[in-house]
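Hi,

Here is the structure I promised to send over. Have a look at it first, and then read on for what turned up.

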Amino acid sequence: ASIHLSLHCLCHSLSSVCLPPSAPSRPAQQTPAARSTDFIYDPTDAWNYYLKFVKAERNLRQRRHHQGAFEFFGSVNAAAESNANPTVDEVGRRGSIRRDRLGSSSEPVELRRHKKRKKNTKLQRQSTLVQHKVESLPSFTPWFIIVMSCLQIVALIVLISINGGVAPIRGTPIRHSEFFPSLRSNSTNATERVTYFEAVNLWIGLPPKELIRIGAKFTPCMRRDFEIRDRNTEFYGDNEDTIGCCKNQDNVGDTIRTQDCSCFSGTVNCTVNEGNLSDIAYNTGPCPAGSATFHPCCVSITGRCLVTSKEECDARGGEFHLNFGSCLEVNCMEEVCGFNGASVGADSGTPYLPNANQFWRFFLSIFIHLGVIHIVLIMPVQLYIGFKIERTIGWLRTGIIYLIAGVGGNIVSGIFVPYGVNAGASGAVFGLIGVLFVELFQFWQIVDRAPLELVKLLGFVVFLLALGTLPFIDNMAHIGGLLFGVVAAIIFVPYITFGKLDAIRKRILLAICAPLLFLLFLSGLTTFYLIPNPSFCPECGYINCFPYGPTFAQRSTETPGPRSIPFSLSSPTILSLYNMILRVLCVVTRLHIMSV
């Protein structure tokens with residue numbers, strides 16, 4: 001228009017050049033129709049037309065802008081329309097932000113003009129404030145998750161290298177039956193068939209005894225275990241004054257009970273004397289110094305002791321005490337718990353009554369994993385979820401929630417599964433999943449397809465809990481970590497409020513969860529230390545390790561409690577379990593693809 005006006009002015013000043021000779025400069029009388037076609041001959045009309053054109057273009061742009069703004073930022077939600085301006089305490093989010101949910105109205109501006117201008121102004125102010133806070137969210141580098149993951153991977157590699165390999169990869173202990181020298185045998189060669197079980201690890205990792213020594217969660221190393229004490233008292237304490245030296249054709253050793261000596265088998269005549277031992281004899285006192293060939297051997301993770309030969313002790317994978325004569329002198333839990341017996345004592349000078357208190361296992365076991373497969377399953381989940389969370393809430397909040405969930409999950413596991421050897425960050429990872437649930441419900445109004453996100457989260461949790469029913473995975477730690485993670489997330493994760501009612505609701509929830517977290521820790525530690533009951537919930541063992549066959553996940557005979565779970569499914573194969581897990585994973589993957 002400006003160029004057109006300039007050319008018109010130039011031609012008007014040089015009309016003889018620009019216009020044909022026969023055309024007058026301006027007709028005397030013009031009709032409105034003619035005036036609309038040849039108005040360019042008048043500079044004033046051209047300038048007025050230009051101003052009207054610019055004004056019309058500006059009004060059109062403003063009208064389109066306002067209409068698009070109302071469609072984009074119309075109203076936050078129903079609560080925002082009925083309440084006052086939203087207040088923003090701090091900001092945090094999870095999932096895709098629905099821009100259209102920030103302004104869901106699609107009515108044109110002309111149809112909305114009859115509404116109150118005050119209300120429109122308030123809604124626009126609310127929407128602008130929420131949109132500004134969402135777009136101004138800070139982004140953090142996930143240093144905590146990176147460092148924690150690297151430490152866990154390095155720890156697994158170093159520990160497997162130091163211990164010289166992994167345990168047999170199976171789901172049930174390996175049964176062995178061999179002949180070893182024995183004090184109970186009255187045969188010519190003084191041997192006896194011994195049946196024992198070899199520890200295994202399904203996840204390509206260390207055997208359970210080595211995991212305990214390096215810091216895995218194991219309740220008898222963390223508190224006074226009354227079931228082990230009662231067993232040892234029954235086995236040793238009642239015969240404390242009847243210790244004697246037993247000798248048969250080839251072997252000599254102190255026995256605590258007379259039933260462990262071949263002299264009392266009912267088929268051999270023994271000489272019971274003081275001093276010299278005949279070929280088959282039982283001395284009521286300890287064996288003479290240097291004469292014993294059998295010594296105490298700690299053969300299980302629960303402190304079971306046997307007076308046996310070094311050959312049998314090595315085959316069982318036990319610790320042979322050459323400097324002691326009887327099991328009354330040995331505290332096997334000191335060796336089982338490792339750390340040079342730190343915080344593993346005994347009551348009143350009775351080594352067979354252990355009293356351990358290695359409380360740091362609640363924290364240390366988070367850095368240790370059961371094996372290669374275990375860390376391969378956990379690490380992608382930890383990195384994916386941890387990165388998303390730490391980028392929005394920072395390393396400090398992420399670290400606090402991670403450790404609270406990990407320790408809380410171990411406390412719950414110690415109460416319900418006292419004799420399980422468990423380790424890993426699965427409880428802490430479930431705490432991070434709890435953060436996702438909290439953020440989803442806190443920002444439900446602005447999350448894209450929130451119900452579908454909830455279904456995906458629930459399906460993922462069900463898949464992980466189903467995987468946790470396999471041996472050596474602590475499902476109770478999963479459940480405890482999820483519980484502690486949800487409560488900690490409500491306290492530490494920042495949030496946005498949508499109106500006064502929403503702000504009141506979230507602050508009341510915060511006020512409830514702050515003391516609730518303290519009460520959860522207090523009640524958990526009180527139950528763990530002051531009310532130790534190994535049979536707290538016998539049926540809970542099915543949640544932690546489900547028997548998918550008649551011998552699947554069978555307990556070792558050296559573990560306190562029932563030797564096997566008296567339950568079996570019609571299909572004994574483990575392939576059915578993996579088939580179910582893959583089906584759940586496929587459903588979750590399809591839901592994710594549909595959401596994308």
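**Two loop residues, then the helices**

Ile204 is partly exposed, with a relative accessible area of 28%. Before going further, please keep in mind that this is a predicted model. You'll find Ile204 in the loop between β2 (191–198) and α10 (208–213). For background, most residues other than glycine have a negative phi.

Arg449 is another one to look at. Its phi is near 50°, again a positive value in a residue other than glycine. Arg449 sits in the loop between α16 and α17, and at 38% relative accessibility it counts as partly exposed.

Helix α15 (residues 372–416) and helix α16 (residues 426–442) pack at an angle of about 80°, and their axes are 8 Å apart. Because angles of 65 to 115 degrees count as roughly perpendicular, that makes α15 roughly perpendicular to α16. In the contact of α15 with α16, the residues split into 14 nonpolar, eight polar and one charged.

Now the cores. The largest nonpolar core has 52 residues, and Ile385, Ile389 and Tyr402 have the most contacts inside it. Elements giving two or more residues to this core are α9 (143–162), α15, α16, α17 (450–467), α18 (475–492) and α19 (500–530). Of these, α15 gives the most, with twelve residues. Apart from this core lies another, of 27 residues, including Leu202, Ile301, Ile375 and Ala423.

Val407 and Ile366 are 41 residues apart along the chain, yet their C-alpha atoms are separated by 7.9 Å.

Finally, the record. An unreviewed UniProt entry annotates "transmembrane region" over residues 359–387, 399–421, 427–447, 454–473, 479–496, 508–531 and 574–593. In the model, residues 359–387 are 69% helix and 0% strand, with the end C-alpha atoms 30 Å apart. For residues 399–421, the figures are 78% helix and 0% strand, and the end C-alpha atoms lie 25 Å apart.

Cheers

Note on methods:
Residues are numbered from 1 along each chain as its sequence is written. This is a predicted model: local features need pLDDT of at least 70, side-chain atom pairs count only at pLDDT 80 or more; totals for chains, interfaces and linings use all residues. Side-chain values use heavy atoms; hydrogens and water are left out. Axes are lines fitted to C-alpha atoms, for helices over the stretch in contact, and angles run from 0 to 180 degrees between N-to-C directions. Helices (H or I, at least four residues) and strands (E, at least two) are DSSP runs, numbered from the N terminus. Angles under 35 degrees count as roughly parallel, over 145 as roughly antiparallel, 65 to 115 as roughly perpendicular and the rest as oblique. Ala, Val, Leu, Ile, Met, Phe, Trp, Tyr, Cys and Pro count as nonpolar, Asp, Glu, Lys and Arg as charged, and the others, Gly among them, as polar. A nonpolar core is a set of buried Ala, Val, Leu, Ile, Met, Phe, Trp, Tyr and Cys residues joined through side-chain atoms within 4.5 Å. Buried means under 20% relative accessible area, exposed over 50%, partly exposed in between (1.4 Å probe, protein chains only). UniProt positions are given in the numbering used here, feature names are shortened, and annotations may be inferred rather than shown by experiment.
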